[in-house]
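Please look over the sequence and the structure shown below before reading on.

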Amino acid sequence: MSDQQETESLLQETAKLRTRVSELRSAAALPEADSGPLLEAAFVELELAAAALGATGEDRASSEARSEASESERRMLRTVFQDAPVPLFLLERDGTVRRVNRQAGALLGSSAGYLTGKPFPVFCDMATRAAVGSHIAGVFHSGQRCRTRVRFLSKHGPVNADVTLARIWVSGEPDPLVIAATAPATREPAAEEAPHEMTAPDAVATVVHRMDVLATATGMLLEDDSLTESIAVRRSARLLAAELADWVIVDLEQNGTLRRQVVMGPEDERSTEIARMLENVHPGPGSLPVCVCDNGQEVLQAHIDDLRTLGTTEGDLPVCGLIEASSLICVPLDDGEHRLGTLTLTVSGEQGPFDLMDLGLVERLARNLALVIRTGRRYRRRMEVTERLRAGLLPSELPAIPGAEISARYVVATRDSGFGADFYDVFPTASGWGLALGDVCGKGDDATAVNAGARHGIRILARWNAKPDEVLSMVNETLLGQERFVTAVMACVEPRDEGLAVMIGSAGHPPAVLIRRDGLIRTLSGGGIPLGLFADDFEVGVESLELEPGDTLFLYSDGVVESSDALRNRFGHERLVEILAAHADRPVADMPLAVEHALAEFCGGELRDDVSMLALRVTGEAGGVPGRVAVSGSAV
């Protein structure tokens with residue numbers, strides 16, 4: 001037979017083959033089609049095509065004839081492969097997908113370009129993946145046909161299928177290939193009614209759901225007034241685990257090393273135990289979270305091909321296998337300045353693999369979470385500095401005044417906007433002891449400087465001068481030009497045989513309250529001009545009094561009486577007096593504590609200004625009792 005006759009014969013056989021394949025496809029489309037005989041018929045056609053290719057290859061003589069025949073062979077193979085009525089995967093010896101037909105792409109809901117080059121077992125669920133890999137190797141080496149049941153992870157949901165594996169020889173290939181012919185058995189109930197192609201309403205619903213998740217997560221992060229890192233991370237992970245993924249893992253950088261922070265998964269007992277175990281499995285070198293954090297590049301693995309991608313447990317179990325992950329997204333937590341860690345999501349395939357739209361959503365959420373973490377850390381550092389400043393500007397302990405007992409409380413505003421508002425102090429003077437309490441106008445660095453200047457100025461000057469009006473006048477001169485004013489009250493205490501003599505000077509401060517032992521209340525005159533406002537017109541309100549055993553002198557800042565509730569009603573002076581009178585016979589420490597509790601209840605926990613209180617009670621005992629100091633409230 002001549003080369004031309006051989007080519008014409010091959011073309012005729014190809015046409016006949018195309019006709020038979022078309023008939024098989026029509027039969028497969030019938031509702032009552034039996035997949036078993038169709039699979040067998042498809043394999044018969046493949047074997048006939050392979051035999052024809054082999055026979056033709058043996059008789060070729062000239063290079064020109066070989067080229068023309070080879071092209072004919074390729075056309076015949078493409079015809080058989082692409083027009084087969086069942087999904088077909090052409091596999092290399094290691095299971096890598098060489099080629100797929102249109103039916104295979106439709107089965108998995110992916111393009112041929114995406115499927116090509118990936119290991120065939122990654123498209124199967126965890127329960128059947130290992131067995132499929134073994135069957136492919138067995139068929140390649142033995143040549144014996146094998147049939148097995150698998151569960152494909154389609155884009156539209158899991159699909160149960162019968163897969164027949166057979167070894168074939170293709171002309172021009174040094175090694176045989178394995179062809180996998182698939183007969184879909186059943187689609188999972190959740191996806192049974194889902195079409196193979198996403199409709200426009202489905203696409204809109206998917207986009208709307210992703211937008212809802214993004215809006216919910218953003219609102220949740222913004223609503224967290226505490227800016228607490230752990231709360232933000234756990235809330236975000238919980239939302240993503242409920243709406244987008246089966247498992248969510250958050251790893252944060254600590255001292256140059258990624259440390260696992262949160263693992264969220266299904267709420268059944270087994271998953272809870274796995275999550276608890278994985279929280280102690282930190283990402284190791286070479287694991288995906290470490291690589292993503294190092295290079296800052298997000299990763300989408302629609303089908304995971306290496307179960308050790310997320311590392312292994314102490315028992316050398318792959319994390320992906322343990323949580324049955326078939327698809328994952330890992331993105332860096334990048335705040336625009338630093339990479340703070342990684343956010344990893346996985347699914348088991350029940351809802352289909354992740355896609356680029358999922359990746360875009362997770363990237364946005366990760367950026368928002370990173371910004372919240374950065375803001376929270378900066379805020380915490382700022383509060384740490386504030387607390388150190390506060391510790392330096394307030395006495396750590398109060399000295400023991402002979403014949404008296406002292407108690408103080410400093411309550412930080414609920415929404416603290418910086419340190420520098422109030423101060424108090426107890427110190428020795430030229431003739432006894434001094435008490436001072438003041439309130440700086442405003443907050444911030446400038447207020448802090450004025451706070452320190454006023455407090456330490458009073459303390460230092462009182463060592464040589466026990467007259468409060470003269471001490472406050474000198475402090476006023478030092479504060480002129482500071483663009484801040486200070487209200488202050490100073491009491492100079494001198495011991496007497498059966499009590500204390502007190503001289504009080506007021507510079508525009510709320511009047512002190514005297515609580516007699518029998519419960520009688522007297523509000524002192526107060527008065528005076530705040531420090532730092534005027535040089536010539538400055539004056540101090542001065543008042544002298546004698547304190548007997550059991551009497552209490554109560555100093556406070558305007559944050560007490562000016563506090564308001566939700567309706568803008570003021571706490572007021574009268575309410576303060578009633579509380580002090582009710583605690584006249586209680587320990588002196590109970591007085592400022594009772595006022596603090598009353599303020600918290602009145603304001604509903606929303607204290608808008610710092611509050612400082614200082615109480616001195618005459619005991620009549622020569623030794624005196626060390627004072628009690630308490631700083632309460634929240635600076636964060």
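Is the crossing of helix 16 and helix 17 left-handed or right-handed? In this model, which is predicted, the crossing of these two helices is right-handed.

**The helix pair**
- Helix 16 covers residues 573–582 and helix 17 covers residues 590–603, and their axes come within 9 Å and cross at roughly 135 degrees.
- Because of this angle, helix 16 and helix 17 are oblique to each other.
- On the side of helix 16, the contact is made by Arg 575, Leu 576, Ile 579 and Leu 580, which meet Met 591, Ala 594, Val 595, Ala 598 and Phe 602 in helix 17.

**The cysteines**
- The count of disulfides in the model comes to zero, where a disulfide would need two cysteine sulfur atoms within 2.5 Å.
- Cys 330 is in no disulfide, since the nearest cysteine sulfur, which belongs to Cys 293, is 9.0 Å away.
- Cys 330 has 0% relative accessibility and therefore counts as buried.
- Cys 124 also counts as buried, because its relative accessibility is 0%.

**The protein as a whole**
- The protein contains 17 helices and 22 strands.
- Of the 636 residues in the protein, 50% are buried.

Definitions and conventions:
Residues numbered from 1 in each chain as written. Predicted model: local features only at pLDDT ≥ 70, side-chain atom pairs only at ≥ 80, totals over all residues. Heavy atoms only, no water. Axes fitted to C-alpha atoms, helices over the stretch in contact; angles between N-to-C directions. Helix = DSSP H or I, 4+ residues; strand = E, 2+ residues; numbered from the N terminus. Parallel < 35°, antiparallel > 145°, perpendicular 65-115°, else oblique. Left-handed = near helix turned anticlockwise from the far one by under 90°. Contact = heavy atoms within 4.5 Å. Buried < 20%, exposed > 50% of the residue type's maximum accessible area, 1.4 Å probe, protein only.
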